[in-house]
Every structure is written in structure tokens, then in C-alpha cells.
Amino acid sequence: MALIQFTNKGIYCKQGDFYIDPWRPVDKAVITHGHADHAKWGNNSYLCHTLTKPILEERYGLYDNVETLPYNEQIDINGVKLSMFPAGHVIGSAQIRLEYKGEIVVVSGDYKTEYDGISTAFEPVKCHTFVSESTFGLPIYKWQPQQLIFDSIDSWIADNHAKNKTSVLVAYSLGKAQRLIHNLKADYPIYVHRTIAALNAAFQSAGVELPATVQINPDIKKEELQKGIVIVPPALADSKWIKSLTNPATGICSGWMAVRAGRRWRSADAGFALSDHADWPGLLDAIKATDAEKVMVTHGSTAIFSRYLNEIGIEAEEVKTQYGDEEAEESIEKVEETQITK
Amino acid sequence: MKRFAQLIQELELSNKTNDKIAALVTYFSEAEDRDKPYVIAMFTGKRPKRPITTTFIKQWAIELTDLPEWLFTESYHSVGDLSETIALVLPPATHTVEKPLHQWIGELAQLHGKTDEEKKDYILTSWDSLATQERFIFNKLISGNFRIGVSNKMLVNAIAKQSEQEANKIMHSIMGKWQPNEITYEELTAGAHVNTDNSWPYPFCLAYAIDTEPENLGDTTAWQAEWKWDGIRGQIVKRNGELFIWSRGEELVTDQFPELHFLKDELPDGTVLDGEILAVKDGNVLSFSTLQQRLNRKTINKSQLENAPIGFFTYDLLELKGTDVRTEPLSKRRQWLEEIIENLTTKDIAILSPVIEYKDWQELAAIRETAREINSEGIMLKNVNSIFHAGRKRGDWWKWKINPYTVDTVMIYAQKGSGRRANFYTDYTFAVRDGEKLITIAKAYSGLTDKEIKEVNSFVNKNAIEKFGPVRTVKPELVFEIAFEGIAESKRHKAGLALRFPRISRWRKDKKADEINTLDDLRALISVVE
């Protein structure tokens with residue numbers, strides 16, 4: 001029997017009787033990372049990486065029923081050996097490695113191959129079956145080295161300051177926001193939305209070092225924001241609050257910004273192709289490094305990417321999941337939208 | 001080319017007109033002088049002849065990337081632009097070369113007459129020396145097709161600001177006949193070439209749709225009412241014994257309309273007429289689809305001349321005896337125009353577009369309702385004291401169009417969009433009922449809000465029946481009202497008819513699929529229209 005099955009609740013390991021990233025409530029859930037399309041509320045018990053726990057605490061108020069595991073440490077669940085390896089996607093993101101009677105399966109969740117300076121660097125894991133995302137599974141997606149992207153964000157901010165504009169960066173509260181805060185060189189105060197501030201605080205209390213930021217609140221004057229850098233999650237990208245700032249200039253940080261049509265689709269002043277997902281070469285390199293006999297392609301360009309893998313001699317199949325739903329993540333961030341205005 | 005690439009990026013990054021104009025002004029102040037006329041030529045659609053076919057470019061890119069052709073095609077579907085797709089999929093450049101824009105364009109022009117191998121060698125070497133953004137621009141230079149969201153008016157305003165000249169004059173100048181390799185930016189902005197050139201047209205005066213009740217425009221005597229015709233807006237220029245016909249797209253279309261060539265002998269020198277090119281038979285205006293048979297053809301045969309004879313309905317007079325009269329009031333220009341048309345020996349081809357007599361706004365509103373019967377789109381209101389403005393100006397001229405036709409349809413196919421929208425189904429095909437069957441009548445993608453697109457997208461994900469490449473057939477359940485401007489028989493469409501300018505006017509969540517219109521409803525409409 002296969003070690004994992006794709007059921008209507010999620011990825012199920014029958015031998016160990018647990019689910020990985022289930023999208024419906026189950027008894028025992030193993031979580032790859034904290035984004036809302038992978039970590040859902042309502043399971044009886046959770047197992048996740050040590051640094052994913054503060055996210056579940058902050059977002060869902062889960063304290064008691066969450067067990068943790070550091071990277072590279074093995075535990076046994078009903079005879080299935082389970083361990084976690086860094087996925088490089090966001091802080092705490094893990095690939096779940098399962099081993100049972102010599103068969104090895106790796107469920108990678110979301111991953112990126114370039115080290116972002118803040119999430120533990122991606123590590124390829126040898127396996128028989130590899131479950132891969134394919135969010136950017138088209139050869140048009142090839143990221144620039146992140147230093148070049150941060151340089152252009154830094155110079156965009158400097159240019160905005162010269163023109164008396166308020167720089168507003170749009171980034172997911174989990175992952176992209178911390179990555180920006182960590183990597184931006186500019187020596188301006190960084191003002192972050194409450195959802196970001198809360199996660200930052202959770203990470204800091206778990207021992208992650210992050211530069212100081214200020215939580216946006218109604219007492220901060222518009223002139224101060226204009227002299228700093230503002231970071232908000234996508235749910236607030238077109239909000240009235242941003243329009244009320246002094247000459248706001250919005251810069252969206254997302255892999256979709258690599259394509260002109262993607263930049264036009266969002267009403268932003270700038271687009272930076274900064275992604276927490278692997279690009280086309282990244283996906284191919286990661287998959288080849290696993291030596292997997294079979295690749296299961298989940299969310300993204302599933303049909304195209306699996307067809308291509310088969311053509312280059314890597315057996316692949318597309319599977320239907322509910323991952324990749326950006327709205328799930330945005331709805332969590334949206335809850336807090338009203339917090340800034342009043 | 002780096003400076004030009006930067007300009008393109010700035011133009012694309014901002015969605016505000018003022019920012020774009022500022023970026024253009026800075027560009028024209030900083031860029032290398034010889035590059036500037038080329039940029040103006042590109043932005044105004046003055047295209048050099050393509051040195052290499054798209055097929056070759058695509059083939060070489062595929063060879064170079066080692067991608068299967070289907071994957072390249074999928075990438076293209078996602079990006080929505082071939083030049084950009086190629087720029088993105090190619091391996092990174094091994095080195096970088098910086099040449100000014102005019103040099104690249106000059107080198108490309110020199111490829112004419114070279115062997116395919118020589119062309120390929122040049123293109124591959126160039127690709128290998130350019131970063132993604134510059135490579136995209138290089139590819140656009142090959143195709144000559146540069147649509148970057150800069151309207152002529154925006155460009156003219158920027159150049160006018162930079163060169164401290166009148167916008168009107170700049171518009172003249174760039175619309176005239178000139179070659180970017182033969183003129184300097186200073187000569188172009190000074191308009192040195194246009195005086196010796198007989199052909200130059202004036203910028204068209206354009207109207208906005210009326211945004212209030214006509215009653216609010218005040219006294220009816222201040223407003224001249226005319227029919228709004230659905231043809232090709234044109235300008236007829238007669239100077240020094242030569243005749244030129246310009247379309248609103250700023251293209252010379254003189255050869256396409258031999259019926260109007262008699263004006264070369266009959267119009268006095270130094271005359272410029274504004275009007276509409278229409279298909280006209282026995283004094284009656286025919287539908288736009290009839291006129292279409294005559295458009296964009298290199299040669300015209302006898303049956304086309306017979307089926308779709310051309311007429312010119314004159315609106316206005318811009319030049320009289322060699323003098324620009326655009327700043328004279330409309331009432332005066334109309335009077336001169338009437339005299340000129342009356343003096344033509346050949347009658348019934350170039351005629352006056354009639355002025356509608358009306359007592360009050362109520363009567364005019366009733367007249368407007370009859371517009372479709374004569375293939376008109378509604379009414380134009382022009383202030384009798386108005387000057388002939390350059391471009392679109394609020395206040396003096398208004399379009400008062402009749403409401404569009406609408407039809408209730410059901411969505412049967414959906415296709416994903418490009419880029420960021422590659423994740424959303426944004427392009428839909430709609431059908432009406434024909435007995436038990438559903439028959440496709442229109443494809444449309446505009447008209448929904450982002451939120452509605454997301455909703456439709458989730459419906460498609462859950463209700464997709466079959467896959468044909470990028471297209472999904474979906475359960476016929478969502479009803480949309482489609483608005484359109486005209487309808488005509490068409491052999492090319494399965495329904496036997498085609499809609500003009502179809503777009504989604506609203507999502508009829510209140511209606512079920514069995515309440516949509518039938519093909520017979522639409523057929524009945526054709527007979528009314530014709």
C-alpha cells in the first residue's frame with residue numbers, strides 16, 4: 001500500500017494514521033508551514049516545526065495541542081519514521097519526510113531553493129516519492145538573485161523619499177514581510193501592519209532575531225510614515241487607509257510581478273518579482289536532487305509541469321489539492337484591516 | 001538603450017498620467033538626441049518594415065531554450081505577449097553590450113536583404129548580450145509594434161512641455177510626414193518639415209459622452225445637433241493640387257476610397273474637411289459591417305465597389321483657402337462648409353452631414369430614438385461657438401449615444417487570462433438558446449469587477465466539464481447580460497450572425513439559464529436593423 005493517499009480531507013498516511021496539511025478537520029495533523037492554505041484551524045492535534053508553533057499560537061490561539069519537532073530529528077508514529085527538513089519557504093517551513101519499511105516519501109509543502117537570509121535554507125532530501133508544488137511551474141519564471149531585487153527596492157524607496165512619496169510595500173504578513181524587514185538596507189524606520197507586528201513579536205519571543213519595527217497606529221503622523229517605510233499585507237493593498245497617506249507609492253512584492261500582465265493587473269506603482277516559491281530552474285533542480293522515482297505535482301501549473309517532467313523522463317502525476325489558495329491567507333490578514341483606521 | 005528601457009519601465013510602473021508625462025519629459029531632456037525621433041516614431045505607430053518574420057524569431061527562441069514547442073506555447077498563453085515570452089524564457093545573457101537605441105534600430109534595418117543565417121546570427125548574438133528588460137525591448141524593436149499605454153496626446157503634451165511649444169503645433173508636426181533617420185528632435189519640435197509637406201492633417205476634435213441630462217446644457221439654440229455616424233472618421237486634405245484622405249488612426253487611406261478622388265479636381269486648394277467615411281447607397285447610410293468589406297484592403301474589386309459604395313458625410317471645415325480656421329466659431333465654419341459642398345459639381349458623394357432641426361430637448365430625445373433606423377449611433381451636440389479643439393476636450397462637444405442593445409446569455413466556456421490573471425478564468429464565451437441547443441454568440445472578458453472575476457473563477461473550478469487546451473467547458477448556469485452596438489449576418493460564425501463590440505454589462509444573478517434569449521430573438525433584431 002502506498003504510504004500517502006490524496007483524500008478529500010488532505011494528504012493521508014494510513015500506516016501512521018495522520019494527515020499532512022489537511023484542508024478539513026482531522027484528528028492528527030502534520031503541518032508543513034504556517035500559511036493558511038496549509039495550516040487550518042480545527043484539528044484535534046498538531047505536529048509542526050518548532051518555529052511554526054508561534055504562528056499557530058498567534059493566529060489560532062493554539063497552545064496545548066501542538067507538538068513540535070526541530071529539523072533533522074526523527075520520531076516514530078505507529079511505525080512510520082517522520083522527520084522534518086528545511087523547505088526555505090518561510091520561517092519554520094518544513095518538508096515532511098516519511099519512511100516506512102524502506103519506502104521514503106517527502107511532502108514538501110511550499111519551498112524555494114534560494115536562501116533568503118531568514119528562513120532556514122532549503123535542503124534536498126532523497127526519496128522515492130516527492131510531492132512538489134508548481135506555483136511558478138513555467139519556464140518564464142526565473143528569479144533574479146535576491147540581492148538585486150532588494151537593491152532595486154532600496155533605490156525605489158530612496159527615489160520615493162526624494163519625491164516626498166510614502167513608500168508602501170505589499171507583502172504577506174508571514175514570510176515576505178519578515179524577509180523584507182531583514183534584508184532592506186535602507187536606514188528608515190519600518191512601520192508594519194498589526195498582523196505583521198504580531199507575527200514578528202511571536203517570532204522574537206521564540207528566539208528569531210528581527211530588526212525593530214513600529215506597529216502602525218492612529219497616533220503616528222502621516223509625515224512620519226512618509227519618512228519611513230510602510231509594510232502591509234495584500235488584503236490592504238487597495239484600502240482607503242493607503243489612499244489617505246501622503247502621496248502613497250505602492251510596491252507589490254510577489255513572483256507574479258515578473259510578468260508585465262501581472263504588474264498591470266494589480267493597481268500598483270511598482271512590482272518586485274520577489275517570491276517565496278521556487279522558480280522554474282529551482283523546481284527542476286530540487287526535484288532532480290531528490291532522485292525520486294515519482295513526483296506528485298500539487299497546486300500551481302500542475303498539468304503543464306507534470307507533462308514536462310514526464311517528457312524529460314521523470315514520472316509525474318498531477319494531484320488535486322486545495323493548496324495555493326491565496327485568498328485563504330488574505331482572509332486571515334483581512335480580519336485586522338479595521339485595526340489601523342480606528 | 002538602457003535609458004529607453006528605464007523609460008519603458010517607468011511608463012509601465014505608473015498608472016497615473018502625470019507621472020507618465022513627467023517620465024517622458026525627463027526622458028526627452030536626458031536621452032541621446034538621435035534616439036528621440038525614433039522614440040516618437042515608435043510611440044505614434046510609425047513602423048519600419050519588419051526585417052524578420054515572427055515565425056523565425058519564435059523558432060530560434062525555441063531552439064535556443066531547448067523547450068518543447070507546446071511548453072513555449074503555454075508560456076506564451078500565460079504571458080500574452082510574444083516579445084516578452086521570448087525575453088523571459090531565454091537563458092541569461094553571458095555578457096552585456098550597451099548601444100544607443102538608434103543604433104539597434106539601424107542595425108535591424110540593415111538586416112533587410114541578408115540571408116536567414118546572417119539574420120539568425122545577429123539576433124542570437126544580440127539576445128545573448130541583453131538583460132531581460134532590454135531583450136524585451138529589442139524584440140519589440142523587431143516587431144515595431146510598441147503599445148505601451150502612451151497615447152498620442154500624452155506624448156504630445158510631454159514633448160510640448162519639454163520643448164516649451166504649443167501642443168497643437170507638436171501634434172501637427174508629429175502627425176506629418178517625416179523619417180526618424182532624416183530629422184532631428186529640434187527640427188521635429190520646431191515643425192520644420194510640415195510647411196513643405198502638403199499632406200499634414202489637423203488633430204481630430206473628439207467628444208466625450210454626455211454625463212448629464214441634455215436639459216442641463218441650457219438653451220437649445222446654443223447647440224447644433226447632428227447624427228453620430230458609425231463609420232471611419234476622416235479628414236480630406238486638398239493642397240497644391242494634391243488630395244489626401246486621413247483616417248482617425250492617423251493613417252493615410254487615400255487609395256482605399258477611389259470614389260472620393262474626384263475631390264482632387266473639385267475642391268479648391270487649401271481646403272481641409274472633417275467628416276465620416278461611410279458606406280452609402282442612394283443617399284442612405286449602410287451598416288458598419290457593410291463598410292468593413294472596404295477596410296484594410298490593398299486592392300478593391302468591382303463587386304466590393306458595387307456592394308459597398310463609399311460616401312463622405314462632412315462635419316466641419318478646418319482650413320479655408322490655405323488658412324487654419326479652427327479657432328473660428330462652429331456657426332461660421334458650418335456656413336463656409338455649406339458653400340464649399342454646394343459648389344461641388346459631383347453631387348451625392350461628399351455631402352453635408354445634416355443638422356437636425358429641433359424645438360426642445362424633448363423633441364430631440366424623441367428624434368434620437370429613431371437613430372438606429374438610419375444606421376446612426378445617436379446624436380452629437382456641438383456648441384455653435386465652439387472652436388475645433390485638438391483632441392478630446394470636455395464641454396463644447398458631446399456624444400449622446402443611444403443605449404446599446406442587450407441580450408441575456410449563458411456562459412459556456414471559460415479561459416484563463418495572462419500573467420497574474422493566468423490563475424483566473426477571465427475570458428468567457430456566451431451562448432443563447434436555439435431550440436434545445438446552446439449556440440455561441442459572443443466572447444467577452446471586460447466588464448466584471450475583480451471580486452466578480454474571483455467568484456466566476458471559483459464557479460469554473462467547480463463546474464468545469466471538459467478541457468480543450470486552455471479552454472474549459474462549464475455547466476451552463478451563469479447568466480450574463482451582454483451589451484453590443486450592432487448586429488449583422490455573418491457566415492463565419494456558427495450562429496450566422498455577429499455582434500459588434502460585445503461586452504458584459506452585468507451579471508444576472510437573478511436569472512436562470514432557461515430564461516436567456518434565443519437565436520430567433522437576435523435574428524428578429526437583424527431584420528429590424530436592416
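## A strand pairing in chain A

In strand β14 of chain A, V214(A) is the bridge partner of Y191(A). The structure is a predicted model, in which local features need pLDDT of at least 70, side-chain atom pairs count only at pLDDT 80 or more, and totals for chains, interfaces and linings use all residues. Residues are numbered from 1 along each chain as its sequence is written, while chains are lettered from A and ligands numbered from 1 in the order in which they are written.

Strand β13 (residues 190–192) of chain A pairs with β14(A) in the parallel sense over two bridges. Two strands pair if DSSP finds at least two bridges between them; helices (H or I, at least four residues) and strands (E, at least two) are DSSP runs, numbered from the N terminus.

## The sheet of chain A

Contact between two residues requires C-beta atoms, placed from the backbone, within 7 Å.

## The contact between the chains

In chain A, 17 residues are in contact with 22 residues of chain B. On the side of chain A that touches chain B, α7 (260–265) and α9 (302–311) of chain A each supply at least two residues. The most comes from α7(A), with five residues.

## Domains and helices of chain B

Chain B is divided into domain 1 (2–143), domain 2 (205–401) and domain 3 (405–529), with bounds from an automatic or database domain assignment. The C-alpha centres of domain 1 of chain B and domain 3 of chain B are 36 Å apart.

Helices α1 (residues 2–13) and α2 (residues 17–30) of chain B pack at an angle of about 170 degrees, their axes 9 Å apart. α1(B) and α2(B) are therefore roughly antiparallel to each other, a term for angles over 145 degrees. R3(B), L7(B), E10(B) and L11(B) of α1(B) make the contact with K20(B), A23(B), Y27(B) and E30(B) of α2(B).

Key: Axes are lines fitted to C-alpha atoms, for helices over the stretch in contact, and angles run from 0 to 180 degrees between N-to-C directions. Angles under 35 degrees count as roughly parallel, over 145 as roughly antiparallel, 65 to 115 as roughly perpendicular and the rest as oblique.
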